[in-house]
Amino acid sequence: MRVLLTGATGAAGLGVLRTLLADDSVNHVTYLGRRVLPSWVVLPGTTSSSNASPTHPKLTTIEHKDFLTYPSSLQDTIAEHDACIWALGISTVGMTEEKYTEITVGYFDAFLAVLKEKGVGTPEKPFRIVFVSGQGADSKEKSSVLFARVKGRAENNLLKAVEESGGRLKATIMRPAYFFPSKEHPQDAQNQRGLSMRIADKILGRPFSVIYPSGAITVEQIGQFATEAARGRWDDGPIYENTEMKKLLKSLST
């Protein structure tokens, strides 16, 4: 399985990347990002480097600055994959509605347009799109919360693209709840979170995990669920809330 991944520098996306690279059934991962992986990132089977972007035998990195346009050569590369896990995202803090909508909906719509243009996938072997959304996304797009209504719009645009694809595309929409950088890689939090968020993670992390487990999920669990979705395991959705994702993952180990 060849998987395309966006958003790999974020907490969720990096969790997905590590899971994909460690999975023997994944032949290759293409990271499509606005910047290369920073040197502090540690990938499976590697160690951190002080001044170089990390590499892995199964990983290709494509630096793509403008997610609103795709040159023909990049479109051809996208079409060579079996699935895409779209983990690209950004906080609404300090963002205007116009800019947040461009990044959350506009970037994704441009990618979906490429899939349509290239005729990616077949009814017999559909191209699978795994969209990492978030708990609280509003499918009706009516919420007063910017994140909720804009994520809901992106989800709806994906479902419309799938419906119009004639079976060529399949979608899985993940709505994870509270998550924080990997505890297995302490350097992640230092680089992915500001001081206030790191404090919040320490205060909320354990209570959420112990007292309110349905309100939290680890980035490792996000990575595992997304990888299984790209493989086609979760085709009954298409929308999976946090509690259901954790329940399905638990069933894999029983």
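These legends accompany close-up views of a predicted model.

Local features here need pLDDT of at least 70, side-chain atom pairs count only at pLDDT 80 or more, and totals for chains, interfaces and linings use all residues. Residues are numbered from 1 along each chain as its sequence is written, and side-chain values use heavy atoms, with hydrogens and water left out.

**View 1. The protein chain as a setting for the close-ups.** Among contacts (heavy atoms within 4.5 Å) between residues at least 6 apart in sequence, 70% join residues at least 24 apart.

**View 2. Helix α3 packed with helix α4.** Two packed helices are described by the angle between their axes and the distance between the axes. Here α3 (residues 97–118) and α4 (residues 146–163) pack at about 15 degrees, their axes 10 Å apart (axes are lines fitted to C-alpha atoms over the stretch in contact, and angles run from 0 to 180 degrees between N-to-C directions). The two helices are therefore roughly parallel to each other (angles under 35 degrees; over 145 is roughly antiparallel, 65 to 115 roughly perpendicular and the rest oblique). On the α3 side, the contact includes Y100, T104, F108 and L112, while α4 brings residues including F147, V150, A154 and L158.

**View 3. T172 in strand β6.** Strand β6 spans residues 169–175 and holds T172. A polar atom of its side chain lies 3.3 Å from the backbone oxygen of W234. Leaving aside residues up to four places away in sequence, T172 touches I129, V130, F131, F225, A229, W234, P238 and Y240.

**View 4. L169, also found in strand β6.** L169 belongs to strand β6 and is buried, with a relative accessible area of 5%. How far apart in space are L169 and G121, C-alpha to C-alpha? The distance is 6.2 Å, although L169 and G121 are 48 residues apart in sequence. With residues up to four places away in sequence not counted, L169 touches L115, V120, P126, F127, I129, A161 and V162.

Note on methods. Helix = DSSP H or I, 4+ residues; strand = E, 2+ residues; numbered from the N terminus. Polar contact = N/O pair within 3.5 Å; in protein donor to acceptor, adjacent residues only side chain to side chain. Buried < 20%, exposed > 50% of the residue type's maximum accessible area, 1.4 Å probe, protein only.
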